Amino acid sequence: MIFKPKKESIGTICFLTYNRGNILLKTIKELMPQIRASWPILIVDNASSRYLEEYEEIKSLATNSESLFYYRHKENGLFEGNLLSLFNLVPTQFFIVVSDEDMPSIKALDELAPFLRENLDIGGVRTSLGTMPGVQPGQAHSFETTVFEKGKDFTKFGLTGNYITGQIYNAPLLNEFKIPQRLKQNVHANQFYPHLYLNILTAANTKTMVSSAVACLEGETVSYRPEEITDYFGPFSYGVRVDQFIALRNAIFEGYADIQKSSKHKEFDITGFYNS
């Protein structure tokens with residue numbers, strides 16, 4: 001536990017960051033006057049090796065704030081490891097994940113807080129995503145608010161949106177179902193989209209929701225270098241894309257198996273699954 005939450009803290013805004021301290025510092029300075037006790041901010045630094053002066057300044061700001069916190073991993077655990085660490089680091093009931101080039105809307109999160117307080121049985125919320133001024137939309141999307149009961153249309157929530165920013169998780173509830181632990185066991189297969197694995201199993205085991213609330217704004221995209229993309233290696237290569245589809249198929253398989261187990265302990269129809 002990185003910090004002791006205040007009584008009114010329903011969730012934590014979690015910035016996952018690596019080597020973008022220059023961008024993140026500007027964001028944090030803009031957010032400082034808006035921070036609320038209901039949504040403290042936690043910055044999780046994945047052992048960055050660049051912009052160290054900016055990260056030191058962020059750390060200094062956190063030291064002098066009651067609602068801003070900074071944690072630096074000793075080693076780079078890659079994106080999936082940084083995401084998984086939140087389920088151990090965050091002390092509040094919920095947390096929202098924000099990429100370090102994006103901006104959370106504290107006003108929208110405050111408006112969402114009453115719903116979360118009244119629905120502690122909801123495992124995940126997929127919020128809508130807007131764009132920052134002057135930014136060309138890339139991942140931005142709007143949803144019609146829909147609540148899904150446990151296991152009901154679970155792929156609609158599980159496969160909606162592949163961008164991490166704006167995803168809310170109920171950490172204690174997901175830990176109760178050992179969903180983060182299952183991702184840790186299957187992390188190699190789900191290394192590029194670990195949150196989709198989390199979302200599929202969350203929807204299979206708990207109530208979930210997609211929300212019209214624009215909880216975050218998309219910032220300027222930081223592109224991968226061309227040399228990182230090949231025919232097979234790299235997150236956007238043909239070979240790895242096929243691997244990702246196989247991983248998602250397996251995640252859906254796990255989700256259906258969970259639903260069957262919780263529904264009067266029915267045996268999973270594996271033949272029907274692969275022939276449907």
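This is a predicted model: local features need pLDDT of at least 70, side-chain atom pairs count only at pLDDT 80 or more; totals for chains, interfaces and linings use all residues.
**Overall make-up**

The protein has 276 residues, and 51% of them count as buried. Its secondary structure consists of 10 helices and 9 strands. Among contacts between residues at least 6 apart in sequence, 81% join residues at least 24 apart. The accessible surface comes to about 14,000 Å². Carbon and sulfur atoms account for 53% of that surface.

**Salt bridges**

Side chains of opposite charge can pair when their charged atoms come close. A search of the whole structure finds 11 salt bridges. Among them are the pairs in this table.

| Pair | N to O distance |
|---|---|
| D110 and R36 | 3.5 Å |
| E111 and K107 | 2.8 Å |
| D153 and K156 | 3.9 Å |

What does the bridge between D110 and R36 tie together? D110 lies in helix 4, which spans residues 106–118. R36 sits in the loop between helix 1 (21–31) and strand 2 (41–45). The pair therefore ties together parts that are 74 residues apart in sequence. D110 is partly exposed, at 27% relative accessibility. R36 is partly exposed too, with a relative accessible area of 38%.

Helix 4 also holds the pair E111 and K107. These residues are 4 apart in the helix, so about one helical turn separates them. Their side chains meet at 2.8 Å, N to O. Both E111 and K107 are exposed.

D153 pairs with K156, and their closest N and O atoms are 3.9 Å apart. The cut-off for a salt bridge is 4 Å, so this pair falls within it. D153 has a relative accessible area of 35% and is partly exposed.

Salt bridges also form a network. R20, D100 and E101 are its linked residues.

**The setting of S85**

S85 belongs to helix 3, residues 78–89. Is S85 buried or exposed? Its relative accessibility is 11%. Buried means under 20%, so S85 counts as buried. The side chain of S85 reaches the backbone oxygen of N82 at 2.6 Å. Which residues does S85 touch, leaving out those up to four places away in sequence? They are V44 and H73.

Definitions and conventions. Residues are numbered from 1 along each chain as its sequence is written. Side-chain values use heavy atoms; hydrogens and water are left out. Helices (H or I, at least four residues) and strands (E, at least two) are DSSP runs, numbered from the N terminus. Buried means under 20% relative accessible area, exposed over 50%, partly exposed in between (1.4 Å probe, protein chains only). A polar contact is a pair of N or O atoms within 3.5 Å; within protein, one must be able to donate a hydrogen and the other to accept it, and residues adjacent in sequence count only if both atoms are side-chain atoms. Contact means heavy atoms within 4.5 Å. Accessible areas come from the Shrake-Rupley method with a 1.4 Å probe; for residues, only the protein chains shown count as cover.
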